[in-house]
Amino acid sequence: MRILLPILRADFAIYETYAYSVEPALDCFISSLGGLQDRKVSRRDLEAWRDQTSASFSLRMFPGDHFFLNTNQPLLLQVISHDLRI
C-alpha cells in the first residue's frame, strides 16, 4: 500500500483537475480502440479522437465491455502490432 497509494492519489488528482484546452491537431496517426458493450466509453467518445489529428485515424470496436482488452488480447495485440507498422 505504501507504494501503490501515492500512485492512485496522483491518478485521481489528475482525473479531478484535468481541463481540456483546444490546441492544434497532432500530425500523427491515432488509433482508437473500444469495446462494443462498454457502458463507460461510447463509440461517439472514441470517434472524438478523430478531431485530435490531421493525419490518419482508425476506430476499431471489439466484442466486450470496458475491459475488452482482457478478453480479446490476441486480436488486440494483432491490431496494435499492425498499427505500429503504419
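How many helices and strands does the secondary structure of the chain come to? The count is four helices and two strands, where helices (H or I, at least four residues) and strands (E, at least two) are DSSP runs numbered from the N terminus. In sequence order the pattern is α-β-α-β-α-α.

The model is predicted: local features need pLDDT of at least 70, side-chain atom pairs count only at pLDDT 80 or more, and totals for chains, interfaces and linings use all residues. Residues are numbered from 1 along each chain as its sequence is written, and side-chain values use heavy atoms, with hydrogens and water left out.

**Overall dimensions**

The C-alpha trace spans about 40 × 35 × 25 Å along its principal axes. The chain has a radius of gyration of 16 Å, whereas a compact globule of 86 residues would have one near 12 Å; the radius is taken over C-alpha atoms, and the globule rule is 2.2 Å times the number of residues to the power 0.38. The chain exposes about 7200 Å², of which carbon and sulfur atoms supply 59% (Shrake-Rupley method, 1.4 Å probe; for residues, only the protein chains shown count as cover). Buried residues make up 21% of the 86 residues. Among contacts (heavy atoms within 4.5 Å) between residues at least 6 apart in sequence, 67% join residues at least 24 apart.

**Two buried residues**

Both residues below count as buried because their relative accessible area is under 20% (exposed is over 50%, partly exposed in between; 1.4 Å probe, protein chains only).

| Residue | Relative accessible area |
|---|---|
| S32 | 4% |
| N72 | 14% |

S32 lies in strand 1 (residues 30–35). Not counting residues up to four places away in sequence, S32 touches L46, W49, F57, S58, L59 and R60.

N72 sits in the loop between helix 3 (68–71) and helix 4 (73–85). Leaving aside neighbours within four places in sequence, N72 is in contact with F62 and P63. The C-alpha atoms of N72 and F62 are separated by 7.4 Å, with the two residues ten apart along the chain.

**Largest pocket**

A pocket is an open set of points on a 1 Å grid over the protein atoms alone, where a 1.4 Å probe fits, with protein on both sides within 12 Å along at least five of seven lines. The largest pocket holds about 220 Å³ of space, the volume being that filled by probe spheres set on the points. Its lining consists of Y20, V41, D45, L46, A48, W49 and Q52, each with an atom within 4 Å of a point. These residues divide into five nonpolar, one polar and one charged. L46 and W49 line this pocket and also touch S32.

How values were computed:
Ala, Val, Leu, Ile, Met, Phe, Trp, Tyr, Cys and Pro count as nonpolar, Asp, Glu, Lys and Arg as charged, and the others, Gly among them, as polar.
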